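Work through the exercises below with the sequence and the coordinates open. Each task is followed by a solution in steps.

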Amino acid sequence: MGVAVGAASRNILLHLLLLLSTHCHGCSARSLSENHGEKFMDHRLSGFPKIDDDGHAHGHGMSHMDHLMMDPQSMIFFTLDDLKPGKTMPIYFPKRDPSSSPRFLPREEAESIPFSSGALPHLLDRFSFSTDSPQAKAMEDTLKHCETKPVKGETKSCATSLESMLDFVHGILGGKSPRFRAISTSHLIGSSTRFQNFTIQEAPRGVPASKMVACHTLPYPYAVFYCHSQESENKVFEVVLAGENGDRVKAVAVCHLDTSQWNRDHPSFRVLGIEPGTLPVCHFFPADNLVWVPIAPALSMV
Ligand SMILES: *[C@@H]1O[C@H](CO)[C@@H](O)[C@H](O)[C@H]1NC(C)=O
C-alpha cells in the first residue's frame, strides 16, 4: 500500500476507509461490539499484542508499547548486516488480515466515546463486556498503555479514528506542503504456517525517510492505533521474502540505528547478544501495522 497524502489526501482517506472500515462505517458503538466482538477476541488471541497472564506487557525498554507489540515469538530481531539477498531467518508473521480487524469509527463518533481507564466500567457496559472477560482485560491494557508517558525522545499518540491518525502523522512529518504515504507488509502468497524460514530474495529497497511514524494496532472493540515516532535515526526497508512453505511476503522492516537510550533489558539485546548502542536493531512489521514516511521530493512530482 502506498498512497500520497496532501494533494491526494482524499485518495488515502478513501483507500484506507475502504481497506479498514468498509462494513461498519457509521455503525453505532453497540452494534459494532455485537458485530465485532468475536473478531476483537480473535485479534487479541492471535497473540498481538502479547499480554502476560499477569496482565503485563513484556519487558521495559525504549517504550512500553514497543514491548506490547513485540511478542518475543513474533518479533525476530536482526541487524543491518542480515539484510542481504540470500539471508535466511525464521520469522513469525501473525496472520491478522486488516480486513478482519476492528473497523475505524468516524471521528465524531470516536470522540464522543470516552477513552480513558477511568471510564472503563462505563465502556464495558457500553460494549456489553463483563468485568472479568478477556475483552475487558484487553481494553484495560490498551487504555493503560495509551496513558503511559512517552519515553525520552519519543512522541506518541493513540489514534481512535483515521482522521486523528492522519493529524498525528501530519504533526510529525508535515512541513509546508506535507506529503506522506503509508507502507505496510503485504502477504503476496500466504500459507497457513505462521512461523517459517524466510529467505531474502532481492537487495532490500531502502525507503527514503528522514522521519517515520509507526502505527501499531491495539486490541479494542473499534480500531485503535498506537502511533509513535522517535527522534533517533531509523532506516526503513521493503524486503521481498520467500518462505520455505511457499509464502511470498513484501515486508516492511525498520532498523533503529541508535539504541543507546534503550533499556538494557530490551529483548532484542538478548536475542542478538549485543549491548545497547552498539549495532542497529531491525525488525519486521506485521501486516496490520502502518509505517508512515514522507514522500521524497524526487518522487512527489506526480
Ligand atoms: C529453519 O531452518 C533451520 C535449518 O534448516 C531449521 O533448523 C529450523 O528448524 C527452521 N525453522 C523453522 C521455523 O522452520
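**Exercise 1.** Which residues surround the ligand?

Solution. This is a predicted model, in which local features need pLDDT of at least 70, side-chain atom pairs count only at pLDDT 80 or more, and totals for chains, interfaces and linings use all residues. Residues are numbered from 1 along each chain as its sequence is written, and side-chain values use heavy atoms, with hydrogens and water left out.

Step 1. F195, Q196, N197 and E244 surround the ligand, a residue being near if one of its heavy atoms lies within 4 Å.

Step 2. A polar side-chain atom of N197 is 2.2 Å from a ligand oxygen. For E244, a side-chain N or O atom lies 2.9 Å from an oxygen atom of the ligand.

Step 3. On its own the ligand has 360 Å² of accessible area (Shrake-Rupley method, 1.4 Å probe), and the protein covers 35% of that.

**Exercise 2.** Determine the handedness of the disulfide between C146 and C158.

Solution. Step 1. The sulfur atoms of C146 and C158 are 2.0 Å apart, and a disulfide is a pair of cysteine sulfur atoms within 2.5 Å.

Step 2. The S-S torsion of C146 and C158 is about -90°, so this disulfide is left-handed.

**Exercise 3.** Is C215 buried or exposed?

Solution. Step 1. C215 has a relative accessible area of 0% and is therefore buried (buried: under 20%; exposed: over 50%; partly exposed in between; 1.4 Å probe, protein chains only).

Step 2. The disulfide partner of C215 is C227, which counts as buried at 1%.

Notes:
A polar contact is a pair of N or O atoms within 3.5 Å; within protein, one must be able to donate a hydrogen and the other to accept it, and residues adjacent in sequence count only if both atoms are side-chain atoms.
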